[in-house]
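Q: Please take a close look at a single part of this model. I would like one connected answer.

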Amino acid sequence: MSLVRVYPIHEKVCTVQLEKLISPDTFQVLERIQQAILKKFEKEITESTLSYTSATFFLQNEKNLDEYCIQFQQLATAVLNNQRLVKKNERTTIRIPVCYDISFAPDLVAASDKLMRSKEEIIKLHMLPKYQVYTIGFVPGFPYMGEVDARLNLPRKTTPATRVAPGSVAIAGLQTGIYPVEVAGGWHVIGRTPSKLFDKHREKPCLLEAGDQVEFYQITKEEFENWNESDCT
Amino acid sequence: MSLIVHKPGLQSTIQDAGREGFRKYGVPAAGPMDFAAAQLSQTLCNNYHNQPFIELTLHGAIFEFEKTAVIALTGGGATALLNDTPLPYFRSAVIKAGSILKFCPAQFGCRTYLSVQGGFNIPQELGSTATYLPGKLGGIMGRAIKAGDRIEFNLKKQIEEKVSDMEVELGNPALFTNQVTIRFTEGPEWSWFSAEEQNLFLHTKWMVHPQSNRVAYLLEGDALALTQKRELISTAVMPGLIQVTPAGIPYILMADAQTIGGYPRLARIKSEDRNRLAQCRPGYQLNFQKI
C-alpha cells in the first residue's frame, strides 16, 4: 500500500493523506510536504490546513483537480523518499499558564476517581510533556495537542457538558485541548488558562497553530485573577 | 438610514460571500446556505456579490424601512407582504420610507435572501461580514438579528428607481416540491461501507430532521452500520460532505460546519445541490443519486 493518498473533498479542494500513525515525526514530514506543494503551486492555492496526518489545499480553479491530485501525489512521494536529507524543523515552544484550582476544574475530582490518582499527580503528569499542536478546529482557536501521558487516558464523556467555560484546559484520550469560547464539550476539564486562545481583534487572531510546541506551567488562583495578557511571553 | 427589526423570524443572519483564509485557525467560510439565490438577490440590486445581505429562515420576520430603498427577495420559505400587499420574490422593487415588510408562512422552501441596493453597512471581522454563529463572529456582534436591531444600509446618492424589470427563476426543485433529489460522488471513506450499506443509503427515503441547521443537516431513516470498526484520524471537512456518526446517522455538513471532523465521509454532494438542500426544510424527503 502506498504511504500517501491524495483525494478531493470538494470540487476545488484536495487532501494529501499520509497512511501513517500520528506522531511528531509524521507531522514533520507532513509540514515538509505542505511546504513543497505551496512552493510549487503558490499562485494556485488560496488556503491550506494541517490536521494530524493530512494536509488540505484549497485551489483557485476547479479545473484539473485530478491533475493537481496527481502532481501533489508525486511531490509528496518525493518528500517521503528524501526524508534523511532534510534537517528537522526547529520550533519555538509556547508556554501557557494554567490554574488547576478546583474552582476552575469541574472534572478534576471525577478524573482523579476514575484514574485512581491524586489531583496533584494528574496536574504533574499533565504538565510533564511538551505537546505538539496537531490541528486547530472544533471551534475557532481550539488546539488539538498530544500526546498526553498514558496514565491520564480517559475516554470522552458519554454526555457532553452543555457549557464549558472559555480558557478551560481539558483532556480526552491521549489528547489535550483548550476551549477558546463557551461551548458544549465532552472533554474532561482539569484547569483553566487566562491566556486568550482566540481574539478576532488581534493581528494574529489565533495564539497557536498546527506545528507549534506547547508547555503548560502552573499558576495560582490569585495569579490567574490578576493575570495581564501583556505580561505573557 | 436603517432597516428596523420588529421581529427577527426563526433565524436571520447577516451574510456575504463568506470568509476565506482562516480555516487553519478553525474558522469556516460561513456565507449563504443557498449561494445561487443569494447571488441573484445581489444581482437584482446591482450589488457586488460580497456586499452584506440578510439570510432569513422560514417566516416570522417583520422589518421596517426608515428610508426609501431598492430591495430584492430571492429563495423561498416565506411569502412577503409589503404594507399588507404581496411582494413578489425574484425581482427588485422600490420600497418607500416607512414601509413594513412582513414574512408569512409559505408551503415550500426554507431560506429567503434580502438584499438592499448599496448593501447593509456592517463592519468586517476577519475579512468578512458573514455571521458565523458557533464562533460568535461577523454580522451583528456575532449573533443572529434580534428585535430592536437597526441595521444601516448604504444609500446610493440617488436611488436607481429604474431597476431592472427582469424576473428570474432559480430552477431549485426544493422551492416547489418537498421531495428532492441530491446528486453525489463517493466520499473519501465510501469504501469503508459494505455494498449493502451503500445500497441502503441509495434507496432510503431520508427525511430532513428538525434539528438541521446552518451547521449540518441530520438525516432520519434506517441507521447505516459500519461493518469495519475503523477509526478516522481527524482531518479536513467541508460543506457538502456527508459524515456518518458511530450511531449510523448520516449528516450533511453545511455552511457553518467546523473545519475538521473525525467521522467517515460517505459521500460528497455536488456543490450546486447544496443550494437545493439549503431550501429543504425539516420533514422534506431526500433521495440520493450517485453521479
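What area is buried between domain 1 of chain B and domain 2 of chain B, and what percentage of that do carbon and sulfur atoms give?

A: About 1,900 Å² is buried between domain 1 and domain 2 of chain B, and carbon and sulfur atoms give 53% of that. Buried area here is the accessible area (1.4 Å probe) that two parts lose on being put together, summed over both.

This is a predicted model, in which local features need pLDDT of at least 70 and side-chain atom pairs pLDDT 80 or more, while totals for chains, interfaces and linings use all residues. Residues are numbered from 1 along each chain as written, chains are lettered from A and ligands numbered from 1 in written order, and side-chain values use heavy atoms, without hydrogens or water.

Domain 1 of chain B spans 2-170 and domain 2 spans 175-290; the bounds come from an automatic or database domain assignment. Their centres, taken over C-alpha atoms, lie 28 Å apart. Domain 1 of chain B puts 31 residues into the contact and domain 2 of chain B 21, with contact meaning heavy atoms within 4.5 Å.

One salt bridge crosses this interface. A salt bridge is a side-chain nitrogen of Lys or Arg within 4 Å of a carboxyl oxygen of Asp or Glu. Glu55(B) and Arg214(B) form a salt bridge, at 2.9 Å from N to O.

On the side of domain 1 of chain B that touches domain 2 of chain B, β2 (11-15), α1 (35-44) and β10 (111-116) of chain B each supply at least two residues. Helices (H or I, at least four residues) and strands (E, at least two) are DSSP runs, numbered from the N terminus.
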